[in-house]
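Thanks for coming. I will take this protein from its overall dimensions down to single pairs of side chains.

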Amino acid sequence: MTQNSQEMTPRPKLDDEAFEAFIRRRRPPSPIWSMSSLDGYLTALIIGPKFIDPRQWIPELTGPDALNLPMETTEHRAVQTIVAEYNRISASLSERPKDHRPRFTQIDDQTLDPFDWDLCFLLGTGYAPKLWRPVLRGHAVTGDIIAPLRKLGEIKRKATHQDAAAVAEALVNIRTYFMPKRAKQKF
């Protein structure tokens with residue numbers, strides 16, 4: 001972190017419960033509905049084949065005016081919550097990839113519910129479907145690096161922490177696969 005970033009005061013954001021309440025009452029409905037679904041959606045955007053401008057996808061989540069509203073509004077705080085989660089996931093994947101874990105819904109100490117995360121991860125791939133195709137469908141170059149995520153959708157049981165670790169490893173591999181494409185992207 002630079003000296004300037006340490007001196008910056010964080011913008012106010014919503015706690016998890018308030019964010020989920022905001023998202024659930026938004027009309028038209030947001031494609032996400034929980035912190036777990038937000039994590040999956042953002043993860044797909046972060047590790048995907050190209051940078052997607054937040055001005056394109058944040059209004060879909062929070063409403064078309066949220067980016068331009070004053071800091072005191074719930075909408076602005078929801079945007080700051082999304083930005084904070086985006087930065088947290090991005091930093092975790094780049095700085096501590098072996099420690100990264102997807103944010104599945106916690107059921108108890110041993111079991112997790114991956115449904116929200118998994119579904120919204122797949123929704124997040126919709127911004128570049130052709131570029132995601134080799135990973136989602138398997139390919140000679142990519143192999144089946146998405147297999148642990150596919151397994152989430154196939155299992156009838158809840159996920160374990162071992163499943164989360166396998167998904168996290170797949171996310172790092174997908175990020176590594178797409179990184180050369182992202183690095184060449186022109187803005």
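**Overall dimensions**

With 187 residues, a compact globule would have a radius of gyration near 16 Å, and the protein, at 17 Å, agrees with that. The radius of gyration is taken over C-alpha atoms, and the globule rule is 2.2 Å times the number of residues to the power 0.38. Please keep in mind that this is a predicted model: local features need pLDDT of at least 70, side-chain atom pairs count only at pLDDT 80 or more, and totals for chains, interfaces and linings use all residues. Residues are numbered from 1 along each chain as its sequence is written, and side-chain values use heavy atoms, with hydrogens and water left out.

Taken along the principal axes, the box filled by the C-alpha atoms is roughly 50 × 40 × 35 Å. The accessible surface is about 10,700 Å², and 53% of that belongs to carbon and sulfur atoms. Those areas come from the Shrake-Rupley method with a 1.4 Å probe; for residues, only the protein chains shown count as cover.

The secondary structure comes to 9 helices and 2 strands. These are DSSP runs numbered from the N terminus, helices being H or I with at least four residues and strands E with at least two. The order from the N terminus is α-α-α-α-α-β-β-α-α-α-α.

Of the 187 residues, 41% are buried. Buried means under 20% relative accessible area, exposed means over 50%, and partly exposed is in between, with a 1.4 Å probe and protein chains only. Contact means heavy atoms within 4.5 Å. Among contacts between residues at least 6 apart in sequence, 70% join residues at least 24 apart.

**Helix α6**

Which residues of α6 are buried? They are D116, W117, D118, C120, F121 and G124. The buried residues of α6 pack against α3 (35-47), β1, α7 (129-137), α8 (147-154) and α9 (161-184).

F115 also lies in α6, which covers residues 115-124. Because its relative accessible area is 52%, F115 is exposed. Together with L119 and L123, F115 makes a nonpolar surface patch of about 270 Å². Patches are made of residues with over 30% relative accessible area and no salt bridge; like charges are joined within 9 Å, and nonpolar side chains (Val, Leu, Ile, Met, Phe, Trp, Tyr) within 5 Å.

**Aromatic pairs**

Rings of Phe, Tyr and Trp (its six-membered ring) pair if their centres lie within 6.5 Å; planes under 30 degrees apart count as stacked, over 60 as edge-to-face and the rest as tilted. By this rule there are 7 aromatic pairs. One of them, W57 with Y86, is stacked, at 5.7 Å centre to centre and 20° between the planes. This pair links distant parts of the chain, with W57 in helix α4 (residues 54-62) and Y86 in helix α5 (residues 74-95), 29 residues apart. W57 counts as buried because its relative accessibility is 1%, and Y86 is buried at 17%.

F104 and W117 form an edge-to-face pair, 5.5 Å centre to centre with 75° between the planes. Here too distant parts of the chain are linked: F104 is in the loop between α5 and β1 (105-106) and W117 is in helix α6, 13 residues apart. Both F104 and W117 are buried.

**Salt bridges**

A salt bridge is a side-chain nitrogen of Lys or Arg within 4 Å of a carboxyl oxygen of Asp or Glu. The count by this rule is 9. R88 forms one with D39, the closest N and O atoms being 2.8 Å apart. That pair joins helix α5, which holds R88, to helix α3, which holds D39, across 49 residues. Are these two buried or exposed? D39 counts as buried at 0% relative accessibility, while R88 is partly exposed at 32%.

E85 forms a salt bridge with R103, with 3.5 Å between the closest N and O atoms. E85 lies in helix α5 and R103 in the loop between α5 and β1, so the pair ties together parts that are 18 residues apart in sequence. E85 is buried, at 7% relative accessible area, and R103 is partly exposed at 26%. D16, D39, E85, R88 and R103 are linked in a network of salt bridges.
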